[in-house]
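Student: I'm new to this one. Could you show it to me and explain the words as we go?
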Amino acid sequence: MLSSPTVRTSLIFLAIALVGLLFADIAITASNPWRDLGNFFLGIVTPNFFNSEGLMTALLRTVAFAFVGVALGGVVGFLLALVYRSLPVRMFCAFVRAIHELFWALIFLQFFGFHPLTGVLAIAIPYAGIFAKVYSEILEEADPEPGRVLPPGTGNITAFIYTRIPDCWVKMRTYTAYRLECGLRSSAILGFVGLPTLGFYLEASFSQGLYSDAGAMLILFYVLIATMPLWVRPKLLPIYILGAPFFLGEGLPIVWGNVQRFFTEDIVPAPLRNGEGLAGLTPWLNDLMVNEAMPGIWNTIVLTQIALVATGILSLLAFPLISNHFGGPIRRNAGHVALVIARSTPEYILAYILLQLWGPSMLPAVVALALHNGGIIGHLIGRQTNSIKLRADAITGFNRYSWELVPRVYRSFLAFLFYRWEIIMRETAILGILGIYTLGFYVDSAIQNIRFDRAMVLILVTALLNIGVDALGRYIRRKLALQTMPTC
Amino acid sequence: MSGFNLSGLTASFSGKRVIGPLSLQVNPGDKIALVGKSGAGKSTLIRLIHERVNRDSSLVPQDLGLVNALSVFHNVFMGQLDKHATWYNTVTLARPFAKDRTEVTTLLQSLGMKEKLWTPTASLSGGQRQRVAIARALYRNAAVLLADEPVSALDGPMANSVMTLLRDRFSTSIIALHDVELALSYCTRIVGIQDGQVALDQPSEGLSSSDIMSLY
């Protein structure tokens, strides 16, 4: 079995994660973590939906920001997909999607302030990059034959809407709906940097110990996502998209002087701004790299690798929960609920909650990332096992799991895992805002200290790190001949 | 103009020559059947000819080239996309004009599938799909028909009525056929392909199926 490249790759990654554990800061530092956790669960089972009208407003804003951001990102992404062959476009898209929504929000906050545009662009920009990539992949897969049969002289636009779009329509619609769900999660966590969405409400409830309010918010959020097929209808979409901009809230007006100052002064590296010239730039950059970027990169990589392996282990443990090849309907329904909750909760919210309960260390981050991503991959793999037909006399129980199912789904499991590697790293970096020493921590500190020049360099470093991991993940997937459609 | 002289036709797959060099004189009014055993290069030849005479031909490729998500109407209408402005085609995608609807309906009636006008082609049977591709070629209304086994999925009577339709609607045609009897009854000239070369080229009058069988 050791000669199999997939097993060897898995073991190498497992070993890296184990070594990472030696360096990682894994601890529970809260004085009474279990009592806090108990209080929190008590809050969830005794939700308080009526405490303030703030909850409903936050919910409405969350939906509005998601719709406007995703719609804008979708339109721009679609246009970019049409010219995705051009290398500069591909690089531009890779770059904008390598920067997390929260980082974009932090950047826009500095010059647009708490204007709705900040939240809209924070979602729309990275989503446009993602949409461009996925749409172009879907369009590429369209059957080329109908195009060849077209009468010569048919216009390009006509050919496109008759032969490409119909063939890709279902896939594009499915993917866009999935992205809308992601958009709701992104929109919710934008509240953590001060926009008026659910994250803001959650943070406010938690800081006052109002666990029942927080519980009500989480339950409403799950209901919102679980009922999406009911309220997101093709016929209603135009109404939502046209109406959403009116529910973003007023925010604060944009001060154009700030915008100008941000680009002409704030983000110019300090030595250049102070007239020290290029001679001053080297020590400045050196200091930034050694004291902030390097520790940030190190912690980000360590945490990513541990979280990746934890995600993998959890996915493999979780998929039997929804697999038809085991047990009865009660277990499967419970399994579905558990996995829906795991994957609907944004990792940032999970990490925030666990961090409040267990105190600051890498542990809450690892658990949050593993729960969320493991929930997603477990769901996809579990669904895949349901299409496997076992022979009538196939063995049962654990042997069925280890002999019949895992070997069959292992390759697609690895494909999904490596696909999510870059996503996990992007999230890991951003979790730094919560006080774990990953790159996000240093970005956030630089912004707190009004040193935007340093923040921009660190965000750039983060983006490059993500692009690197994305490329490495794609290389490994190609090397192991793992195929997957981007549906997770 | 519907006659043409094809010369120096060649095709290779991964370095191996599968067709030609081959020449074929097509005269206006010729109804040519390409016969030969599978793998002889009939489909490749049809494709090569299509590349040469693109602008003036109606094509029925072997894999039909249908857009599965679109209805039968739209797939047939695609035969004349070049005749309309982009806005007209775009509107038609959402809501076809009455004139086009009538034309396509009449055409489908002659193929015995009028009631399938709005069915997505994905949910049709193999024979129905083949007739949609034929309807598209008929609707295209070019001078020359290039068809690759256009009736392979149709039963006897239907195959005969479709072949009659194709014979009457196109003055010039080149049809790859594996059914020798159909070739003899509906075409005026039989071209036999063997190992990528023309092994037989004679009027179908005076030929019998046993003469052609030597190619197989």
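Tutor: Let's begin with "contact": two residues are in contact if their C-beta atoms, placed from the backbone, lie within 7 Å. This is a predicted model, where local features need pLDDT of at least 70 and side-chain atom pairs count only at pLDDT 80 or more, while totals for chains, interfaces and linings use all residues. Residues are numbered from 1 along each chain as its sequence is written, and chains are lettered from A and ligands numbered from 1 in the order in which they are written.

Student: Which residues is A:Ala463 in contact with, leaving aside its neighbours within four places in sequence?
Tutor: They are A:Phe95, A:Ala98 and A:Ile99. By the definition, the C-beta atoms of a pair in contact lie within 7 Å.

Student: What makes A:Ala463 count as buried?
Tutor: A residue is buried if 20 or more other C-beta atoms lie within 10 Å of its own, exposed if 12 or fewer, and partly exposed in between. A:Ala463 has 21 C-beta neighbours inside 10 Å, so it counts as buried.

Student: Where is A:Ala463 found?
Tutor: In helix H21 of chain A, residues 452-479. Helices (H or I, at least four residues) and strands (E, at least two) are DSSP runs, numbered from the N terminus.

Student: How do you know that E4(B) and E5(B) pair?
Tutor: Two strands pair if DSSP finds at least two bridges between them. E4(B) (residues 57-60) and E5(B) (residues 144-148) have four bridges, in the parallel sense, so they pair by that definition. The bridge partner of B:Leu59 in E5(B) is B:Leu146.

Student: Which way do the residues of E4(B) point?
Tutor: B:Ser57 and B:Leu59 point one way, B:Ser58 and B:Val60 the other, and all are buried.

Student: What is called a nonpolar core?
Tutor: A set of buried Ala, Val, Leu, Ile, Met, Phe, Trp, Tyr and Cys residues joined through C-beta atoms within 7 Å. The largest one has 135 residues, and A:Ala351, A:Ala365 and A:Leu458 touch the most other members. Helix H19 of chain A (residues 397-431) gives the most to this core, with 16 residues.

Student: Why does this core lie between domain 1 and domain 2 of chain A?
Tutor: Domain bounds come from an automatic or database domain assignment. Domain 1 (14-46 + 291-387 + 395-488) and domain 2 (50-264) both give residues to this core, so it lies between them. A second, separate core of 60 residues includes B:Val26 and B:Leu138.
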